[in-house]
Amino acid sequence: MWNNLPSDLLSNVFSYLPPHSLARAMVTCRHWHDCARSTTSRHQHPPWFVALPTRARNLCFVHNPIESTWHLLGLKHVPSLTRPVSTIPGHGLILFKSTGSVPLQLSVCDPFTSRFRHLPQLRKPRTNPAVGVIEDCPSQFNVYVAGGMCKAASSGAASYEPTLEMFDSRSKNWTITGSMPIEFAVRLTVWTPNESVYSRGVLYWMTSARAYSIMGFDMSSNKWKELSVPMGDTLEFAAMVPRDGKLAVIGGTHGVNVLVWELGEDDKWNVIERMPVELGKRFVGGSTKCVGIEGGVCLYKEIAKEMVVWRKDRNHKNKWEWYSIEGCNQISGKRLENYPIKGLFLHPNLACSSSFF
C-alpha cells in the first residue's frame, strides 16, 4: 500500500515526521526519496543544538533533542577562513562570515545536505560589522549588516561606516536601508559579537563590553535606540534570546544566580525566570556562553561538558522547563577531544525546494 500512495499524500504524511525519521524514510526507495526532498514540515519539532569547534573548522557536532543523541557532520565544503555568525533557523542554514582584515564576505551552508553558497558582495565593502538575520516567512529571510570599517576613497585611511545594508534572499541583492550615528557605528564595530534578536519590528544587538548595553534599529522609523541591560555592570555573562516574540536577556551574577529578564511594552525589564540554584552553580563564571531560539535556550562551555537547556514543555505550551544534557565526548564509540565551541540552534531542513540554492 505504501508503495502506491500518490506523491502528494505521501508528502503530507512525511510533513509530520521529525528530521531524523524523515532522513531514514529518504533512503527507502527513489519514490520516497523524491517525496521527502520536497516535503515542508508542518509540525514544530524541537530545534537541534549545533556545536561548531572554534579551532577545528571542518567539524560540526549536532544534538538530536528527540533521541538525545550526538552526531558528527563534516564541513569540508566551508572555506577555512570563515567563522559562524548565527543560524537562519527556519531554513536550516548556518550563516558564516570571512575572517581577517579583508572586506566582509558572507556565506550560508546547510550542514545536513552540504549545500553551500556565497552571498553577493556588499554595496559598501567593510570589515568587522555587526550582522543580523530576520526571517520574514518560510520562503524568505533578510541579512542585515551594520557599521564596520571602510577605507575612504580619497586618502585610503580607515573610518567607521555609518550605514545599514540589507540582503533580500528573494532578489539576492543588497540595498542600503538606513544610516546611524557615528557612535553607534563605532560600538557595533568594536564591541558587538554578532548575535542579534528581532522583536516587534526592532533588530537588536548587544555590546560585549561591560557594562552590557543593547542597540536596536526600528524598521518602521529607521531610527536607532539604546537600552541598558539589567545588572549590566555586574553580570558574569549575558546574552539576548527571543521568547514568544519578545526580547529577553539571560545572565549570570556573581552570586551564582542565572536570571531571565523580558522587555516590556514600556522598555522596562521584568524578571520572569531563575535557573535552579543547583544548575546555576555549575554555569556562572568561566567561559559560559548562551544561545537562544524561539522555544529554547542553551547554556554551554565546551563540547564535552554538561549543557543546560531551558525549553518549552512539549506537553504544556505555556510551561518552560530546565534540564541538563550530556556533552559530546564520544561518537560511535570513538573518544573525542574537548573543544571550545560556538553554539547555535536550528531546525534541520532536508527539503531541496529552497529557491535560495
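## E226 and R187

E226 is partly exposed, with a relative accessible area of 43%. This comes from a predicted model. E226 forms a salt bridge with R187. The closest N and O atoms of E226 and R187 are 2.8 Å apart. The pair links distant parts of the chain. E226 sits in strand β17, residues 223-228. R187 sits in helix α4, residues 182-190.

How accessible is R187? R187 has a relative accessibility of 17%. The cut-off for buried is under 20%, so R187 counts as buried. For E226, the value of 43% falls between the cut-offs of 20% and 50%, so E226 is partly exposed.

## E165 and R126

Another salt bridge joins E165 and R126. Here the closest N and O atoms are 2.8 Å apart. Where do the two residues lie? E165 lies in strand β12, residues 163-168. R126 lies in the loop between β7 (115-118) and β8 (130-137). The parts holding them are 39 residues apart in sequence, so the pair ties those parts together.

Are E165 and R126 buried or exposed? E165 is buried, with a relative accessible area of 0%. R126 has a relative accessibility of 1% and also counts as buried.

D244 forms a salt bridge with R243. The closest N and O atoms of this pair are 3.9 Å apart. The cut-off for a salt bridge is within 4 Å, so the pair of D244 and R243 counts.

D244 is partly exposed, at 42% relative accessibility. R243 is buried, at 16%. Which residues belong to the network that contains this pair? The members are R243, D244, K246, E262 and K312. Salt bridges that share partners join these residues into one network.

How many salt bridges does the model contain? The count comes to 11. Among them are E165 with R126, E226 with R187, and D244 with R243.

Now for a contact with the backbone. N64 lies in strand β2, residues 59-64. N64 has a relative accessible area of 0%. That is under 20%, so N64 is buried.

What lies 2.9 Å from a polar atom of the N64 side chain? The backbone nitrogen of I66 does. A polar contact needs N or O atoms within 3.5 Å, and the distance here is 2.9 Å.

Methods
Residues are numbered from 1 along each chain as its sequence is written. This is a predicted model: local features need pLDDT of at least 70, side-chain atom pairs count only at pLDDT 80 or more; totals for chains, interfaces and linings use all residues. Side-chain values use heavy atoms; hydrogens and water are left out. A salt bridge is a side-chain nitrogen of Lys or Arg within 4 Å of a carboxyl oxygen of Asp or Glu. Helices (H or I, at least four residues) and strands (E, at least two) are DSSP runs, numbered from the N terminus. Buried means under 20% relative accessible area, exposed over 50%, partly exposed in between (1.4 Å probe, protein chains only). A polar contact is a pair of N or O atoms within 3.5 Å; within protein, one must be able to donate a hydrogen and the other to accept it, and residues adjacent in sequence count only if both atoms are side-chain atoms.
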